[in-house]
Every structure is written in structure tokens, then in C-alpha cells.
Amino acid sequence: MNAFRSFTNASSDFLFVSADGASLDGLVTLTDIELVITGNSPLTTPISALMAAKPVALALDDTALTAANTLREYRLTSIPVIENRVSRRIAGVVRSRRLTAVALQASANANSTVAGSDASR
């Protein structure tokens with residue numbers, strides 16, 4: 001199973017599954033692979049049988065608020081980003097940790113701007 005090797009070389013807890021190498025068909029998680037390794041599924045089990053087909057994803061034009069709400073609603077730590085909902089072409093991934101860091105930085109910048117404008121009065 002190539003997914004075993006992919007997880008050993010990746011720092012992620014999931015992998016995209018794509019039949020054409022571009023569109024998001026599914027996700028397979030490290031937990032899915034662990035179930036195979038621990039003997040709950042035969043080693044010959046195809047990834048298509050393990051993966052979550054057509055997983056929830058963000059589109060490139062979704063907002064950070066949509067990302068945060070989707071991560072919270074589905075209790076995810078990462079979510080795929082696709083170009084659009086029709087093609088489902090893989091564009092990237094949003095991680096909750098990174099989204100939180102960006103939000104905190106934006107908040108700190110906004111607060112320092114407000115503090116700076118108060119000081120000039």
C-alpha cells in the first residue's frame with residue numbers, strides 16, 4: 001500500500017486521494033492506516049475502501065470566518081482547499097493552528113493601530 005510510505009514521508013495526519021492527480025476525490029487519515037496496520041483490515045485493502053469520499057472542503061473564495069466555522073463545526077484540525085466546488089481541483093490546505101496564528105496577528109496589529117491612534121490625540 002503506497003499510503004504507508006506516504007505517511008512515513010509526510011508530516012500530515014491525512015493524505016489527499018485523487019484519481020487524476022488534481023481533483024480531490026477523498027481523504028485517508030493516519031487513523032485509517034493504523035486500523036490496517038493493527039490488523040482490523042487486510043493489507044490488501046484498497047485506499048478507496050478506507051478513504052472518506054468527497055470530504056468537506058473550502059473553496060478558494062471562502063473567507064477566514066467560513067474556514068474557522070467549518071473547522072469548528074466538523075471538529076477538524078485541517079481542511080482541504082479546492083479551487084471551486086465543481087472541479088474540486090486541489091489548491092491546498094488550511095490548518096486550524098495556522099488560521100489561529102493569523103487571526104491573533106491581525107488582532108494584535110489592529111490593537112496596536114488603535115493604540116497608536118489614541119496616543120496621537
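Biologist: Among contacts with a separation of 6 or more, what share comes from residues 24 or more positions apart?
Modeller: Residues 24 or more positions apart account for 45% of those contacts. Contact means heavy atoms within 4.5 Å. Mind that this is a predicted model: local features need pLDDT of at least 70, side-chain atom pairs count only at pLDDT 80 or more, and totals for chains, interfaces and linings use all residues. Residues are numbered from 1 along each chain as its sequence is written, and side-chain values use heavy atoms, with hydrogens and water left out.

Biologist: How many helices and strands does the protein have?
Modeller: Five helices and six strands. Both are DSSP runs numbered from the N terminus: helices are H or I with at least four residues, strands E with at least two. From the N terminus on, the order is α-β-β-α-α-β-β-α-β-β-α.

Biologist: Which strands make up the open sheet?
Modeller: Three strands, in the order β1-β2-β3, with antiparallel pairing. Two strands pair if DSSP finds at least two bridges between them. The edge strands are β1 and β3 (52-53), and each pairs on one side only.

Biologist: How many bridges join β1 to β2?
Modeller: Four, and β2 covers residues 26-29. V17 stands opposite G26 in β2.

Biologist: Switching topic. How much of the protein is buried?
Modeller: Of its 121 residues, 26% count as buried. Buried means under 20% relative accessible area, exposed over 50%, partly exposed in between, with a 1.4 Å probe and protein chains only.

Biologist: Which residues form the largest nonpolar core?
Modeller: Eight of them: F7, L15, V17, V28, I33, V36, L50 and M51. The elements giving two or more residues to this core are β1 (14-17) and α2 (30-37). Apart from it lies another core, of six residues, including A67, L71, I79 and L99. A nonpolar core is a set of buried Ala, Val, Leu, Ile, Met, Phe, Trp, Tyr and Cys residues joined through side-chain atoms within 4.5 Å.

Biologist: Which residues of α4 are buried?
Modeller: In α4 (residues 64-73), A67, T70 and L71 are buried. Seen down the axis of α4, they fall within an arc of 100°, so they line one face of the helix. That arc is taken from the directions from the helix axis to the C-beta atoms.

Biologist: And what sits on the face turned away?
Modeller: The exposed residues L65, R72 and E73.

Biologist: What follows α4?
Modeller: R75, with a positive phi near 55°. R75 is found in the loop between α4 and β5 (78-82). At 78% relative accessibility, R75 counts as exposed.

Biologist: Last topic. How many aromatic pairs are in the whole structure?
Modeller: One. F14 and F16 form it, edge-to-face, at 5.7 Å centre to centre and 70° between the planes. Rings of Phe, Tyr and Trp (its six-membered ring) pair if their centres lie within 6.5 Å; planes under 30 degrees apart count as stacked, over 60 as edge-to-face and the rest as tilted.

Biologist: Is F14 buried or exposed?
Modeller: F14 is buried, with a relative accessible area of 9%. F16 counts as partly exposed, at 32% relative accessibility.
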